[in-house]
Amino acid sequence: MSPVQLEHTNLTVSDPHATAAWMGDVFGWHIRWEGASIHNGYSIHVGSPETYLALYAPAKPKPSLENSYATIGGLNHIAVTVDDIDAMEKRVVAAGFKTSNHADYEPGKRFYFHDHDDIEYEIVSYTT
């Protein structure tokens with residue numbers, strides 16, 4: 001049996017088109033599919049040929065009231081790996097996001113940022 005690999009994660013966002021656009025600009029991802037989805041919502045699948053994020057917008061969104069780190073089943077952050085963390089940070093900042101929590105740690109480097117929906121992203125580089 002081959003190892004299990006993550007195919008996708010589904011996130012609720014306020015505007016899938018806006019989120020897919022910044023992910024294309026910052027991460028270089030492309031839209032794999034988009035269309036109507038469950039509960040009269042709309043989804044965009046954005047990522048690479050192998051993996052993606054499903055960006056879902058419900059027909060009647062509700063604001064988040066809880067801190068994800070204190071909520072069972074909450075999404076705490078999404079991490080991506082890069083070869084050049086400094087170049088990626090420039091792209092994140094150019095997209096209008098504020099970076100924080102920079103750290104050099106074994107085995108690499110990292111920083112975090114929050115998007116317009118307050119979803120936290122971790123950027124990691126294992127090539128120091």
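**View 1. The lining of the largest pocket comprises eight nonpolar, 11 polar and five charged residues.** Nonpolar means Ala, Val, Leu, Ile, Met, Phe, Trp, Tyr, Cys and Pro; charged means Asp, Glu, Lys and Arg; the others, Gly among them, are polar. This is a predicted model: local features need pLDDT of at least 70, side-chain atom pairs pLDDT 80 or more, while totals for chains, interfaces and linings use all residues. Residues are numbered from 1 along each chain as its sequence is written, and side-chain values use heavy atoms, without hydrogens and water. The space in this pocket is about 800 Å³. Closest to its centre, among the 24 lining residues, are Thr-12, Ser-64, Glu-66, Asp-117 and Ile-119. (A pocket is an open set of points on a 1 Å grid over the protein atoms alone, where a 1.4 Å probe fits, with protein on both sides within 12 Å along at least five of seven lines; lining residues have an atom within 4 Å of a point. Points are joined across faces, edges and corners, and the volume is the space filled by probe spheres set on them.)

**View 2. Four strands form an open sheet in the order β1-β4-β3-β2.** Its pairing is mixed. (Strands are DSSP runs of E, at least two residues, numbered from the N terminus; two pair if DSSP finds at least two bridges between them.) β1 (8-12) and β2 (30-37) are at the edges with a single partner strand each, so one side of each lacks a neighbour in the sheet.

**View 3. β3 (residues 41-47) and β4 (residues 52-57) pair in the antiparallel sense.** Six bridges join them. Ser-43 stands opposite Tyr-56 in β4.
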